[in-house]
Amino acid sequence: MAGKDKVFHQAEAIIGPDGQTVLVTSEHVQSPIAVRYAFRNYIVGELFGANGLPASSFRSDNW
């Protein structure tokens, strides 16, 4: 997760109460503007869809 300084920090994520939203927080980012998931050369992900398949890596920024 990154703020306006564009520096990414590790964050915590939980599934929201609706079961379809991922809520992401970081104590290092006051006003988040971007988030990335599994954004490395090789990572074992921990996010799975309702069908049991792992979520693909993604990013919300375009820098």
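Predicted model: local features only at pLDDT ≥ 70, side-chain atom pairs only at ≥ 80, totals over all residues.
User: Why is K6 called partly exposed?

Analyst: The relative accessibility of K6 is 47%. Buried requires under 20% and exposed over 50%, so K6 falls in between and counts as partly exposed.

User: What makes F8 and W63 an aromatic pair?

Analyst: Ring centres must lie within 6.5 Å, and those of F8 and W63 are 5.6 Å apart, so the two rings pair. By this rule the count comes to 2 aromatic pairs.

User: Why is the pair of F8 and W63 called tilted?

Analyst: The planes of F8 and W63 make an angle of 50°. Stacked needs under 30 degrees and edge-to-face over 60, so this pair is tilted.

User: Which parts of the chain does the pair of F8 and W63 tie together?

Analyst: F8 belongs to the segment before β1 and W63 to the segment after β4, so the pair ties together parts that are 55 residues apart in sequence.

User: Are F8 and W63 buried or exposed, or in between?

Analyst: F8 has a relative accessibility of 28%, and W63 has a relative accessible area of 42%. Buried is under 20% and exposed over 50%, so F8 counts as partly exposed, and W63 is also partly exposed.

User: How do you know that β1 and β2 pair?

Analyst: Pairing takes at least two bridges; 4 bridges join β1 to β2, so these strands pair. They run antiparallel. A13, for one, has V24 in β2 as its bridge partner. The two strands form a hairpin with 6 residues between them, and G19 in the turn has a positive phi of about 80°.

User: What lines the largest pocket?

Analyst: The lining consists of 23 residues, and Q10, A11, R36, Y37 and A38 lie nearest the centre of the pocket. By class there are 16 nonpolar, 3 polar and 4 charged residues. β1 (12-15), β2 (22-25) and β3 (36-37) each supply at least two residues of the lining, with the largest share, 4 residues, coming from β1. About 930 Å³ of space lies in this pocket.

Conventions:
Residues numbered from 1 in each chain as written. Heavy atoms only, no water. 1 Å grid on protein atoms, 1.4 Å probe; cavity = no way out; pocket = protein on both sides within 12 Å on 5 of 7 lines; lining within 4 Å. Points joined across faces, edges and corners; volume = space filled by probe spheres on them. Nonpolar A, V, L, I, M, F, W, Y, C, P; charged D, E, K, R; others polar. Buried < 20%, exposed > 50% of the residue type's maximum accessible area, 1.4 Å probe, protein only. Phe/Tyr/Trp six-rings, centres within 6.5 Å; stacked < 30°, edge-to-face > 60°.
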